[in-house]
Amino acid sequence: MSEPEKLTNPQSKSSKAVLYVFAGLILWGAIIAFGAFQTQASTDYRRPLIVIGVMGFFLGVWWFALRSKRMKDQSNV
């Protein structure tokens, strides 16, 4: 008797990599936002909010693009 073939998901490694990149970008954005708040020129609370908003917008667009590509790939299969 032969062993049943194991189904491996090749996208699992790339999915984990995307999650790591997302986490790294969130951390990087948080560090930049903290630095924007701690400048000697002013400690205006709006500066880190702008940094976080722009990073959130970027990650949202990127997530939407990845999701739409995955949906397109699944519909073609």
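Met55 touches Leu25, Trp28 and Gly29, when residues up to four places away in sequence are not counted; contact here means heavy atoms within 4.5 Å. This is a predicted model, in which local features need pLDDT of at least 70 and side-chain atom pairs count only at pLDDT 80 or more, while totals for chains, interfaces and linings use all residues. Residues are numbered from 1 along each chain as its sequence is written, and side-chain values use heavy atoms, with hydrogens and water left out. The secondary structure comes to two helices and zero strands. Helices (H or I, at least four residues) and strands (E, at least two) are DSSP runs, numbered from the N terminus.

**Overall surface**

- The protein has 77 residues, of which 10% count as buried.
- Buried means under 20% relative accessible area, exposed means over 50%, and partly exposed lies in between (1.4 Å probe, protein chains only).
- The accessible surface of the protein comes to about 7,000 Å², and 67% of this surface belongs to carbon and sulfur atoms.
- Accessible areas come from the Shrake-Rupley method with a 1.4 Å probe, and for residues only the protein chains shown count as cover.

**Helix H2**

- Helix H2 covers residues 46-76.
- At 1.5 Å a residue, the 31 residues of H2 should span 45 Å, and the end C-alpha atoms of H2 are 45 Å apart, which agrees.
- The expected span of a helix is 1.5 Å times one less than its number of residues.
- Pro48, Met55 and Leu59 are buried residues in H2.
- Arg46 also has its place in helix H2, and Arg46 counts as partly exposed because its relative accessibility is 49%.

**Contacts and distances between parts of the chain**

- Met55 lies in helix H2 and counts as buried because its relative accessibility is 15%.
- The C-alpha atoms of Met55 and Trp28 are 9.4 Å apart in space, although the two residues are 27 residues apart in sequence.
- Leu25 is found in helix H1, which covers residues 11-37.
- Leu25 counts as buried, because its relative accessibility is 18%.
- Leaving aside neighbours within four places in sequence, Leu25 is in contact with Met55, Phe58, Leu59 and Trp62.
- From Leu25 to Phe58 the separation is 33 residues in sequence and 10.0 Å in space, C-alpha to C-alpha.
- Ala30 lies in helix H1 and is partly exposed, with a relative accessible area of 41%.
- Ala30 and Ile52 are 22 residues apart along the chain, and their C-alpha atoms are separated by 7.0 Å.
- Arg46 and Ala33 are 13 residues apart in sequence, with 9.8 Å between their C-alpha atoms.

**Aromatic rings**

- A pair of aromatic rings is described by the distance of the centres and the angle of the planes.
- Rings of Phe, Tyr and Trp (its six-membered ring) pair if their centres lie within 6.5 Å; planes under 30 degrees apart count as stacked, over 60 as edge-to-face and the rest as tilted.
- The structure holds two aromatic pairs.
- In one of them, the rings of Phe22 and Trp62 have centres 4.7 Å apart and planes at 5°, so this pair is stacked.
- This pair links distant parts of the chain, since Phe22 is in helix H1 and Trp62 is in helix H2, 40 residues apart.
- Phe22 counts as buried because its relative accessibility is 14%, whereas Trp62, at 28%, counts as partly exposed.
- The rings of Phe58 and Trp62 have centres 6.2 Å apart and planes at 25°, so this pair is stacked.
- Phe58 and Trp62 both lie in helix H2, four residues apart, which is about one turn of the helix.
- Phe58 counts as partly exposed because its relative accessibility is 45%.
- Phe22, Phe58 and Trp62 form one aromatic cluster.

**Charged side chains**

- Side chains of opposite charge can pair when their charged atoms come close.
- A salt bridge is a side-chain nitrogen of Lys or Arg within 4 Å of a carboxyl oxygen of Asp or Glu, and by this rule the count comes to one salt bridge.
- Asp73 forms a salt bridge with Lys69, where the closest N and O atoms are 3.2 Å apart.
- Both Asp73 and Lys69 lie in helix H2, four residues apart, about one turn of the helix.
- Asp73 is partly exposed, with a relative accessible area of 34%.
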